[in-house]
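Let us walk through this structure step by step. Keep the sequence and the 3D view at hand.

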Amino acid sequence: MSKKENTLELPSLDQLAEELEREQYRTNYRRVLRSTLFSLLTVAAVAVLVAVLLLPILQITGSSMTNTLQDGDIVVAFSGSSYKTGDVIAFYYNNEILVKRVIATAGDWVNIDDEGNVFVNDKPLDEPYITDKSLGQCNIEMPYQVPDGRCFIMGDHRSTSIDSRNTAVGCISNDMVVGKIFIRIWPFEEISVIE
């Protein structure tokens, strides 16, 4: 063997500097990528928790709340623990989420006459959101007292809504409530606060 073949050529300082720079870039890239992925997963997890637990987003199906809400509207609810007469709430019923309006709460007496006028504790309920009054599918005896821990709910489209006036639904318990509907976010041209 010649002396030339035995000699190992060492890299120059410039080559070493380039290789070091490439390795540092790879290390930094991996660290930034891991950090970015972790941040995105954290943000996604927080967004899902907020959407499920605090601000559920729901799509309206059906016509029981027209004219207040239309089929296909997308709304945001706020999870809370207290609801009052006039609040529009979402609640679980038979593995579905329904949306209705609170008419009366625990201890209140509800009465509905044949023309669909609603009375709570013998006072007529002011309902500017109703276009057509109707007794609807009512099979409970009036006047009716709302049991403890429950609320009496009705849809705004009284002739088609199945609600607390019917024993099929009845009064709903507070633990069935998903939240109070407070804003419509779709369609964009109809974004509004729900009252």
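Start with the cysteines. The model holds 0 disulfides, a disulfide being a pair of cysteine sulfur atoms within 2.5 Å. In general, a disulfide is a covalent bond between the sulfur atoms of two cysteines. Take C138: the closest cysteine sulfur, in C171, is 11 Å from its own, too far for a bond. C171 has its closest cysteine sulfur in C151, at 7.4 Å, which is also too far for a bond. C138 is partly exposed, at 23% relative accessibility, while C171 is buried at 8%. Here buried means under 20% relative accessible area, exposed means over 50%, and partly exposed lies in between (1.4 Å probe, protein chains only).

A word on the source. This is a predicted model, in which local features need pLDDT of at least 70 and side-chain atom pairs count only at pLDDT 80 or more, while totals for chains, interfaces and linings use all residues. Residues are numbered from 1 along each chain as its sequence is written, and side-chain values use heavy atoms, leaving out hydrogens and water.

Now look inside. In soluble globular proteins, nonpolar side chains tend to be buried together. The largest nonpolar core has 13 residues. Such a core is a set of buried Ala, Val, Leu, Ile, Met, Phe, Trp, Tyr and Cys residues joined through side-chain atoms within 4.5 Å. I103, A104, V110, V118, V146, F152 and M154 touch the most other members. Strands β4 (96-105), β5 (109-112), β6 (118-120) and β9 (150-154) each give two or more residues to this core. Helices (H or I, at least four residues) and strands (E, at least two) are DSSP runs, numbered from the N terminus. A second, separate core has 12 residues, among them M65, L69, A77 and V99.

V118 reaches several partners. Beyond its neighbours within four places in sequence, its contacts include I103, M154, E127 and R158; contact means heavy atoms within 4.5 Å. E127 and R158 also form a salt bridge, with their closest N and O atoms 2.5 Å apart. E127 sits in the loop between β7 (123-124) and β8 (144-145) and R158 in the loop between β9 and β10, so the pair ties together parts 31 residues apart in sequence. Both E127 and R158 are buried.

The model has 8 salt bridges, each a side-chain nitrogen of Lys or Arg within 4 Å of a carboxyl oxygen of Asp or Glu. One joins K180 and D87 (3.4 Å, N to O). K180 lies in strand β11 (residues 177-186) and D87 in the loop between β2 (74-78) and β3 (88-93), so this pair ties together parts 93 residues apart in sequence. K180 is partly exposed at 28%, whereas D87 is buried at 7%. K84, D87 and K180 are linked in a network of salt bridges.

D156 is in the loop between β9 and β10 (172-173). Is D156 buried or exposed? At 2% relative accessibility, D156 is buried. Its C-alpha atom is 7.1 Å from that of R101, 55 residues away along the chain.

Finish at helix α2 (residues 13-54), where Y25 is placed. Y25 is exposed, at 57% relative accessibility.
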